[in-house]
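Reader: I have a structure open on my screen and would like to learn how to read it. Could you take me through some features one at a time?

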Amino acid sequence: MILIFALSLEMKKKPFCLMPFLHFHVGDRGDVRACCVGNIPYGNVNNNTKEEIWNGEAINALREKFLEGESDNRCKVCLDLEKNGAKSIREETFERFPDYKVSEHEGPIYFDIRFSNVCNFRCRTCWHGASSKWFNDAKTLGTAIGNKAIIGNLHDFDKFIQEYGSDLIRAEEIYFAGGEPLVTEEHYQLLNWLIERKSTDMRLRYNTNFSILHFKNYNVLKLWESFPSVEVMASIDAMGVEGEYIRKEFSWEGFVQNVKEIKDYSHINFKVAPTISVYNVKLLPDFYKYLIEQEVIEKEDFYVNILHRPDYFNIQILPKEKKEAVNKLYSQFLKENFPTSILKKFKEIVTYMNARDRSHLWKVFQKKSSELDELRGESSHAINY
């Protein structure tokens, strides 16, 4: 039985999330969870029907809890970010769906489908579960989560389309992340499926390493022409050799070339979206200014994603003297004439960093980073963290 909920303006102020009412996240091995950071399982797309998942006991229990204004301890990532002065996915969802009213929707209108862990990068802050390219390094380090590189999440694409096709057609937003969506076959299959049915009114939103615009016989720029609203968030953490050190296989030269290629498409909102970690928190002010000076992005198009875990990459682990250096840099940056929204994001970073002293993990970070340096034949001298 479909539950009918009413969302009042007063309830929006309470510490609960919209996700279980409108969102469908497919993650590791097909598990459906509340979102990409909340470990709240509803079922599995490979084993359960849509009815069992979308109207099941697990999701309805969470809906009822949120409607009572209660949070859930499994929402730790969002709650910690908010507590420590940073914006969470929970808050962003209210911003992106400001007029949403919980009603008799028979299915989700916001999809986040991670088809697999297929990726062409080995970013330092990533792992095998989100990158097939990480497999060999993970085996050596003893952190692999399986005995093969590629971990598929969706066993049968056609079956998934048959089950959720009507919801995908009326979706307001489809979010693609990874792995790396632009090297994932199913991503292109889904775009073609939507185009063939002339169902392209939804927003497409991407978190991508932006290394490839042409994959096999697909030209993603040509496919995006059929969609009126496309947001591309390029996961680039720094420029030049520093960016290449943090995100293994990243090419700064290739990134610059792809930026030139996308400039001709006015309906594509291009942003740079760094993941803020101990590796790049000091680099961020100069990185942002360079992107503006070189007209890579517009002044507002800088999306900040503060890394929460693994703990040993979290900026809260910085020793006191390193935090002081970051505070000094950001203090100077915040005096400059940049948009209020951008200054707010940089304030959130330092507020979050200073909220807790977790410097006992600094030695763990140094050990983990040195292990990776040795394995990859790299040196931390490439970056001054």
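Reader: Let me start with one residue. Which residues does Asp167 touch, leaving out those up to four places away in sequence?

Author: Asp167 touches Lys50, Glu106, Gly107, Pro108 and Phe111. Please keep in mind that this is a predicted model. Asp167 itself sits in helix 8, which spans residues 157–169.

Reader: Is Asp167 buried or exposed?

Author: Asp167 is buried, because its relative accessibility is 2% and buried means under 20%.

Reader: Now to charged pairs. How many salt bridges does the model have?

Author: The general idea is that side chains of opposite charge can pair when their charged atoms come close. Here the count comes to 28 salt bridges. One of these salt bridges links Arg90 and Glu82, with the closest N and O atoms 3.0 Å apart. Arg90 is buried, at a relative accessible area of 13%, while Glu82 is partly exposed at 22%.

Reader: Which parts of the chain does the pair of Arg122 and Asp137 tie together?

Author: The side chains of Arg122 and Asp137 meet in a salt bridge, 3.0 Å from N to O. Arg122 lies in strand 5 (residues 122–123) and Asp137 in helix 7 (residues 135–141), so this pair ties together parts that are 15 residues apart in sequence. Arg122 is buried, with a relative accessible area of 16%, and Asp137 is buried too, at 7%.

Reader: And what about Arg247 and Asp237?

Author: Their side chains also form a salt bridge, 3.0 Å from N to O. Arg247 is in strand 11 (residues 247–248), and Asp237 is in the loop between strand 10 (229–234) and helix 11 (240–246), so the pair ties together parts ten residues apart in sequence. Both Arg247 and Asp237 are buried. Salt bridges can also share partners: Arg96, Glu173, Arg203 and Arg205 are joined into one network in that way.

Reader: How do I read the packing of helix 14 and helix 15?

Author: Two packed helices are described by the angle between their axes and the distance between the axes. For helix 14 (residues 320–333) and helix 15 (residues 340–355), the angle is about 165° and the axes are 11 Å apart. That makes helix 14 roughly antiparallel to helix 15. The crossing is left-handed.

Reader: Which residues of helix 14 and helix 15 meet?

Author: From helix 14 come Lys323, Val326, Asn327, Tyr330 and Phe333, and they meet Ile342, Leu343, Phe346, Ile349, Val350, Met353 and Asn354 of helix 15. By class, the residues of this contact are nine nonpolar, two polar and one charged.

Reader: How do helix 13 and helix 15 pack?

Author: The axes of helix 13 (residues 284–293) and helix 15 come within 12 Å and cross at roughly 160°. Helix 13 and helix 15 are therefore roughly antiparallel to each other. Their crossing is right-handed. Leu284, Pro285 and Tyr288 of helix 13 meet Ile342, Phe346 and Ile349 of helix 15. This contact has six nonpolar, no polar and no charged residues.

Reader: What is the phi of Lys198, and what is the phi of Glu249?

Author: Lys198 is not a glycine, yet its phi is positive, about 55°. Lys198 lies in the loop between helix 9 and strand 7 (203–208) and is exposed, at 73% relative accessible area. Glu249 has a positive phi near 85°. Glu249 is in the loop between strand 11 and helix 12 (252–262) and counts as partly exposed, at 32% relative accessibility.

Definitions and conventions:
Residues are numbered from 1 along each chain as its sequence is written. This is a predicted model: local features need pLDDT of at least 70, side-chain atom pairs count only at pLDDT 80 or more; totals for chains, interfaces and linings use all residues. Side-chain values use heavy atoms; hydrogens and water are left out. A salt bridge is a side-chain nitrogen of Lys or Arg within 4 Å of a carboxyl oxygen of Asp or Glu. Buried means under 20% relative accessible area, exposed over 50%, partly exposed in between (1.4 Å probe, protein chains only). Helices (H or I, at least four residues) and strands (E, at least two) are DSSP runs, numbered from the N terminus. Axes are lines fitted to C-alpha atoms, for helices over the stretch in contact, and angles run from 0 to 180 degrees between N-to-C directions. Angles under 35 degrees count as roughly parallel, over 145 as roughly antiparallel, 65 to 115 as roughly perpendicular and the rest as oblique. A crossing is left-handed if the near helix is turned anticlockwise from the far one by less than a right angle, and right-handed if clockwise. Contact means heavy atoms within 4.5 Å. Ala, Val, Leu, Ile, Met, Phe, Trp, Tyr, Cys and Pro count as nonpolar, Asp, Glu, Lys and Arg as charged, and the others, Gly among them, as polar.
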